[in-house]
Amino acid sequence: MLWFRTPEKVYIKKGCLPVALEELKTVMGKKKAFIVTDSFLYENGYTKDICKRLDEMGIEHMTYSNVAPDPTLSCAVEGTKQMVAFKPDTIIAVGGGSPMDAAKIMWVMYEHPEVDFMDMAMRFSDIRKRIYQFPKMGEKAYFIAVPTTSGTGSEVTPFAVITDDESKVKYPLADYELMPNMAIVDADMMMDAPKGLTAASGIDAVTHALEAYASMMATEFTDGLALESLKVIFEYLPRAYENGKNDVEAREKMAHAATMAGMAFANAFLGVCHSMAHKLGAYHHIAHGIANALMIDEVLRFNAEEVPQKMGTFPQYSYPHTLRRYAEIAEYLGIKGKDDNEKLEGLIKKIDELKEKIGIKKTIKEYGISEKDFLDKLDEMTEQAFDDQCTGANPRYPLLSEIKEMYLKAYYGK
Ligand SMILES: NC(=O)c1ccc[n+]([C@@H]2O[C@H](COP(=O)([O-])OP(=O)(O)OC[C@H]3O[C@@H](n4cnc5c(N)ncnc54)[C@H](O)[C@@H]3O)[C@@H](O)[C@H]2O)c1
Ligand SMILES: [Fe+2]
């Protein structure tokens, strides 16, 4: 059996936020909303209109605005304390991946104070057959995600990436109980995103679609979303980057594309690019999207190998077909080539051109990470990337030596 799951309600189109929020009163009769965001968004008025709307509807509200980028477990614990005291029947996460993910963890801790984080973080090879039974969510609070970046797709995914303060390990938690109940994707929240953020979050969405399409769990349902989001991103991300403040169309297209890519990987999952990016980001403080951008070329070439050392576990196909899958993406994007290898190279070239247009550097080294520091941490990063939850869905099973080699190539470039 396979499946396709999304939040029960996904609202789209610029300007949809105030209209969608009305349901809290008219349909659901909610009384208390707890908003989770970060200090920048709070101080710059990103939650103001939401609060105004809640006031108009007579819904009491409280805001926790202390989420740091790449949120830590201690930040989630702090927010939960306030949540427990306030007793909301609704949680509204406003922000990029960081506030949305932190809010998901707070939601679990609020509904189930008995849960142990390390139990939730336990890895599994098949989400339907995991040993750890994730607690049932939604009995105390309805969860709404309002993304302000395009983006992580967290508004439609059952994932939350959280860093353990002590070990500094970044854990992607995964369970459909973590799926928001409602996503409100309103480009009005993204119009003023600075160039660096537009680039990093946009290229993150590219890697979501690429990994979901090549994943062992990909289905016809996720394929369509992945392909379409890629087509839209290649066309509109450079425009959103260049002139995002004024280009409403580009912002809206990017908002929708990132959510589509999110729906694709919410069901097909990701792969070793994200595994390596999670650890690269955690060890060397590189933004999540950039970390993915630095690894993706290597991963495409690695996965496309037709005679891999080891295939992925439990594939839905009998022989490696990832080169063909990448060629299909290339064909959908109009890239020509005399065979699949040429199409793959054309796809990599197109990704590199996109990265250049949006100011992303070519190598890890160029991001100012010293060779010594990189090499000192390489073995630890490699082991942790191998052990990351995302590795399981990768179409090719990576050996530790192969992960290390990809890191090295991405560090030095070719
Ligand atoms: N849950 C998932 O499915 C998933 C998927 C991919 C990534 N992630 C996680 O998401 C995090 C990255 O999220 P992100 O890239 O959205 O960034 P982010 O949430 O970390 O935000 C980065 C910075 O941008 C600012 N910002 C956000 N929206 C803005 C706007 N509209 N205008 C101006 N500034 C704005 C924030 O205040 C913050 O300072 C990482 O921790 C990553 O691991 C989660
Ligand atoms: Fe990502």
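How do β6 and strand β7 (residues 170–174) pair, and over how many bridges? They pair in the antiparallel sense, over five bridges. Two strands count as paired if DSSP finds at least two bridges between them.

## Basis of the model

This is a predicted model, in which local features need pLDDT of at least 70, side-chain atom pairs count only at pLDDT 80 or more, and totals for chains, interfaces and linings use all residues. Residues are numbered from 1 along each chain as its sequence is written, and chains are lettered from A and ligands numbered from 1 in the order in which they are written.

Helices (H or I, at least four residues) and strands (E, at least two) are DSSP runs, numbered from the N terminus.

## The β6–β7 hairpin

Six residues lie between the strands of the β6 and β7 hairpin. Among them, Lys-168 takes a positive phi near 65 degrees. Val-161 has Pro-172 of β7 as its bridge partner.

β6 is mostly covered, with five of its five residues buried. A residue is buried if 20 or more other C-beta atoms lie within 10 Å of its own, exposed if 12 or fewer, and partly exposed in between, with C-beta atoms placed from the backbone. In a regular strand the side chains alternate between the two faces of the sheet. In β6, Phe-159, Val-161 and Thr-163 point one way. Ala-160 and Ile-162 point the other way.

## The six-stranded sheet

An open sheet of six strands runs in the order β1-β8-β5-β4-β2-β3, with parallel pairing. β1 (9–11) and β3 (60–64) stand at the edges. Each has a single partner strand, so one side of each is left without a neighbour in the sheet. Neighbouring strands are turned by 15 degrees against each other on average, direction ignored. Axes here are lines fitted to C-alpha atoms, for helices over the stretch in contact, and angles run from 0 to 180 degrees between N-to-C directions.

One of the pairs joins strand β5 (residues 142–147) to strand β8 (residues 182–184), parallel, over two bridges. Ile-144 stands opposite Met-182 in β8.

The domain assignment gives domain 1 (9–189) and domain 2 (195–412). Such bounds come from an automatic or database domain assignment. The domain centres, taken over C-alpha atoms, are separated by 26 Å. The contact takes 27 residues from domain 1 and 31 residues from domain 2. Residues are in contact if their C-beta atoms, placed from the backbone, lie within 7 Å.

On the side of domain 1 that touches domain 2, β6 and β7 each supply at least two residues. β7 gives the most, with three residues. By class, that side divides into 11 nonpolar, 10 polar and six charged residues. Ala, Val, Leu, Ile, Met, Phe, Trp, Tyr, Cys and Pro count as nonpolar, Asp, Glu, Lys and Arg as charged, and the others, Gly among them, as polar.

## The shell around ligand 1

Ligand 1 has 32 residues around it, and Phe-40, Gly-96, Gly-97, Ser-98 and Thr-148 come nearest. Two or more shell residues come from each of α3 (39–43), α6 (97–111), β6 (159–163), α8 (195–214) and α12 (288–304). A residue is near a molecule or strand if its C-beta atom, placed from the backbone, lies within 6 Å of it.

The shell has 13 nonpolar, 14 polar and five charged residues. Domain 1 and domain 2 each give at least three residues to the shell.

## Around α11

Most residues other than glycine have a negative phi. Phe-269, in the loop between α10 (248–268) and α11 (272–284), has a positive phi near 70 degrees. Phe-269 counts as buried because 25 C-beta neighbours lie inside 10 Å. His-285 lies in the loop between α11 and α12. Phi of His-285 is also positive, near 55 degrees. His-285 has 13 C-beta neighbours inside 10 Å, so it counts as partly exposed.

Gly-281 is found in helix α11 and is buried, with 22 other C-beta atoms within 10 Å. Leaving aside neighbours within four places in sequence, Gly-281 is in contact with Asp-70, Lys-170, Ile-286, His-288 and Ala-291. Gly-281 and Asn-292 are 8.9 Å apart, C-alpha to C-alpha, and 11 residues apart in sequence.

## Lys-404 in α16

Lys-404 lies in helix α16 (residues 400–412). With 18 C-beta neighbours inside 10 Å, Lys-404 counts as partly exposed. Beyond its neighbours within four places in sequence, Lys-404 is in contact with Leu-378 and Thr-382.

Note on methods. Contact = placed C-beta atoms within 7 Å.
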